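Work through the exercises below with the model open. Try each task before reading its solution.

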Amino acid sequence: MKPYLSVRDLSSGYAGGVVLGGVDLDLEEGGILALLGRNGVGKTTLVSTVMGFVRPYGGSVTVGGRELAGARVDVVARAGVGIVPQGRRVFAPLTVAEHLAIASRRPAGAGPWTRDRVLSLLPRLGERLGHRGDQLSGGEQQMLAIARALLGNPRLLLLDEPTDGLAPSVVDQVGEVIREVGAEGMTVLLVEQNLRLALSVAQSVAVMQKGRVVHQADAVEFASSPEDRRRLLGVD
């Protein structure tokens, strides 16, 4: 099966410095892939380069057969790629309702994710519509970041450390949301340090070391191999 997201020999970095040194990665349509690795190996740089926040030095990024390496963020978004960025990045002075209204500005009938449907999936946001971004808890901000991304009706969703700093109960809620969008057929690339969550929602995993993907496997296979987890991640 031809991958929906295909990354080939991708190199990227900042101010001339190299962070990604030739990344190869495949993600099939409708699949959930967990991108794993220790801090500083290039996971966020990979996601940022795919999204267009960082321009690559070389290589290829195709989404649905369309070459997007080096494309502007707006071009990547119009090609059906959405992102839940690390750190949430909600706008402090805007209310939840205002965030959702801005994210909903798209042609009618563009996709299944509407304001009402997002609020049914994330009911806590419906209780906080009049609250500003800086009045929300960390978990509520993360749910808002996810809602904002879903309202763009992406076909490929990038989630960068969505459970970072969240309470265990909220981590479980994030996991349920990922399962829900995956069940709807959305393709998901999940960058995650919480190995338990990652292995519970993903069908496949890829492990990065020193700016490269060094291992890609079925998630169940990886979960049943403590040797691989110790060798690649240093954890049991």
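A search of the whole structure finds 11 salt bridges (side-chain nitrogen of Lys or Arg within 4 Å of a carboxyl oxygen of Asp or Glu). The model is predicted: local features need pLDDT of at least 70, side-chain atom pairs count only at pLDDT 80 or more, and totals for chains, interfaces and linings use all residues. Residues are numbered from 1 along each chain as its sequence is written, and side-chain values use heavy atoms, leaving out hydrogens and water.

**Exercise 1.** Find the salt-bridge partner of Glu 140 and state what the pair ties together.

*Solution.* 
- Step 1: Glu 140 meets Arg 128, at 3.3 Å from N to O.
- Step 2: Glu 140 sits in helix H6 and Arg 128 in the loop between helix H5 (123–126) and H6, so the pair joins parts 12 residues apart in sequence (helices are DSSP runs of H or I, at least four residues, numbered from the N terminus).
- Step 3: Glu 140 is buried at 9% relative accessibility (buried is under 20% relative accessible area, exposed over 50%, partly exposed in between; 1.4 Å probe, protein chains only).
- Step 4: Arg 128 is buried too, at 15%.
- Step 5: A network of salt bridges links Arg 124, Glu 127, Arg 128 and Glu 140.

Notes: Helix = DSSP H or I, 4+ residues; strand = E, 2+ residues; numbered from the N terminus.
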